[in-house]
Amino acid sequence: MSKQELISDIDILTEEQQQSEEACGVQVSEEENTGKNRKVYIESYGCQMNFSDSEIVSSIMKREGFDTTSDFSKADVVFLNTCSIREKAEQTVRNRLSQFNKVKEERPEMMIGVLGCMAERLKDKLLEEEKIVDMVVGPDAYRDLPTLIKQVDDGNKAVNVFLSKEETYADISPVRLDSNGVSAFISIMRGCDNMCSFCVVPFTRGRERSRDPHSIVAEAKELFDKGFREVTLLGQNVDSYKWSSEENNKGRLERKARKESDVAIVNFANLIEMVAKISPDLRVRFSTSHPKDITDEVLETMNKYENICNYIHLPAQSGNSRVLKLMNRTYDREWYIDRVDAIRRIIGDDCGISSDMIAGFCTETEEDHQETLTLMDYVKYDFSYMFFYSERPGTLAAKKYEDDIPLKVKKRRLQEIINKQQEHSLERNKKAIGKVHKVLVEGTSKRSDEQLQGRNSENKVIIFPRGNQEKGQYVNVLVNDCTPATLFGEVVD
Ligand code: SAH
Ligand code: SF4
Ligand code: F3S
């Protein structure tokens, strides 16, 4: 099948499938006018990590004398922060570049940079393939942006795709883009060492490294002092967070002067406790938890602090142990079920659990697929991101296995997974009816100014009629109705 046919096939997905395929959407920088000389427009695709990186980029650009804009036709510099996770994600960026081309024909001085995972995957090949691109910058090279911009100003093309083993941007205070002023994301680690066979992330993001916990706590505290009431700690695999003062550069220099007992090791359970202690009014969330690493210690810490939210994103990918082995996920169905049982035992049945699922991975049989559906029946996820397998060049699966499931079959299996999830989302939401939920108010609902919206600890969106409540306030809401996606209720006190 030609590439073009494949793309048009993807385009005829149903609305639910498209929502799932584009799970993370797109984020655009806001208009900011502080009288700076030049303007930068940043459009971001992919996961929260990418959105969080755009806030680092924005901070670096601000220091360089740029204001942000929400209108690319007014920008001096246009950045696309890109995602490579599935073929469709890359295609979206290529379509966007051809739209920018039209503006560039009229304003040739407009600089166009591709940042993020696609920049890292394609490197200078991207300059050949997309003639309008002036700059290619990988996710660990953002500190170099001022130099790269100068190179382009001087009439050259610029590339930096160096992947670092240390960079965490710990000292750069992100400029919050598209923020509701209530919840913010904090990157606590970068990269990934897991090498799931379908996944491009280890190649685009490099080795896993954890950020200094003191800088994480300081950032969370600063957000709390500014009025934020929720932080989400981000990493591809947060449960393998580990920071040791011994490995830290400063620690190494000072090692001779230290006693062995002085060496501090902070694991993920310790970190969430440190952030939770900032204030009982600061909600703590995190994503993503890898099933192989989530420990009872983390679950017990979640249980100990009311402000650590009862919600875990625990992607299964498949319910079949043979497929999981081919995916190199390093756990099997039984291990996964054991972790779900531990969540239910330690935190309780209310704890929200969500998943990512891939339909039609290499060699997946109908029986294997049925096991994904029966795993879903066992867990009853509150929510899932669902995809069909998209082969990524350079990954272990692309090298070792044939992408042998026809697109039609992948789509049918994906539809069955989506239908099952819809049933479970409704069933789980119905359990919330008749109960009072503590809701953090995030602002007005998208549907009407007369209604407010927020989330409960389990990450469910709750909509209720507006009273005199303010954004950032906690309110008790009695839930009286629901859809698979939303709860509805009214404030009680
Ligand atoms: N670090 C997270 C996942 C990050 S990528 C984890 O390990 O769970 C987000 C999701 O994209 C993955 O969980 C997976 O479901 C999906 N995904 C990744 N590569 C894919 C591919 N090649 N085809 C289809 N879906 C993919
Ligand atoms: Fe990709 Fe696996 Fe790492 Fe997640 S854990 S980012 S799926 S390699
Ligand atoms: Fe995409 Fe890179 Fe995130 S590939 S999902 S933007 S880490």
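Student: With which residue does glutamate 230 form a salt bridge?
Tutor: Glutamate 230 pairs with arginine 455, and their closest N and O atoms are 2.8 Å apart. A salt bridge here is a side-chain nitrogen of Lys or Arg within 4 Å of a carboxyl oxygen of Asp or Glu. Please note that this is a predicted model, in which local features need pLDDT of at least 70 and side-chain atom pairs count only at pLDDT 80 or more, whereas totals for chains, interfaces and linings use all residues. Residues are numbered from 1 along each chain as its sequence is written, and side-chain values use heavy atoms, with hydrogens and water left out.

Student: How many salt bridges does the whole structure have?
Tutor: The search finds 46. One of the salt bridges joins glutamate 90 and arginine 121, at 2.7 Å from N to O. Glutamate 90 lies in helix 4 and arginine 121 in helix 5, 31 residues apart; helices are DSSP runs of H or I with at least four residues, and strands are runs of E with at least two, numbered from the N terminus.

Student: Is glutamate 90 buried or exposed?
Tutor: Glutamate 90 counts as buried because its relative accessibility is 6%. The cut-offs are under 20% relative accessible area for buried and over 50% for exposed, with partly exposed in between (1.4 Å probe, protein chains only). Arginine 121, at 24%, is partly exposed.

Student: And which residue does arginine 413 bridge to?
Tutor: The partner of arginine 413 is glutamate 364, with the closest N and O atoms 2.9 Å apart. Arginine 413 belongs to helix 17, while glutamate 364 sits in the loop between strand 16 and helix 15. Arginine 413 is buried at 4% relative accessibility, and glutamate 364 is buried at 3%.

Student: Changing topic, where is serine 384?
Tutor: Serine 384 is in strand 17, which covers residues 383-388. At 5% relative accessibility, serine 384 counts as buried.

Student: What does the side chain of serine 384 make a polar contact with?
Tutor: The contact is with the side chain of glutamine 421, at 2.9 Å. A polar contact is a pair of N or O atoms within 3.5 Å; within protein, one must be able to donate a hydrogen and the other to accept it, and residues adjacent in sequence count only if both atoms are side-chain atoms.

Student: Lastly, which residues are linked in a network of salt bridges?
Tutor: One such network links Arg344, Asp349, Asp382, Arg428, Lys431 and Lys460.

Technical notes. Chains lettered and ligands numbered in written order.
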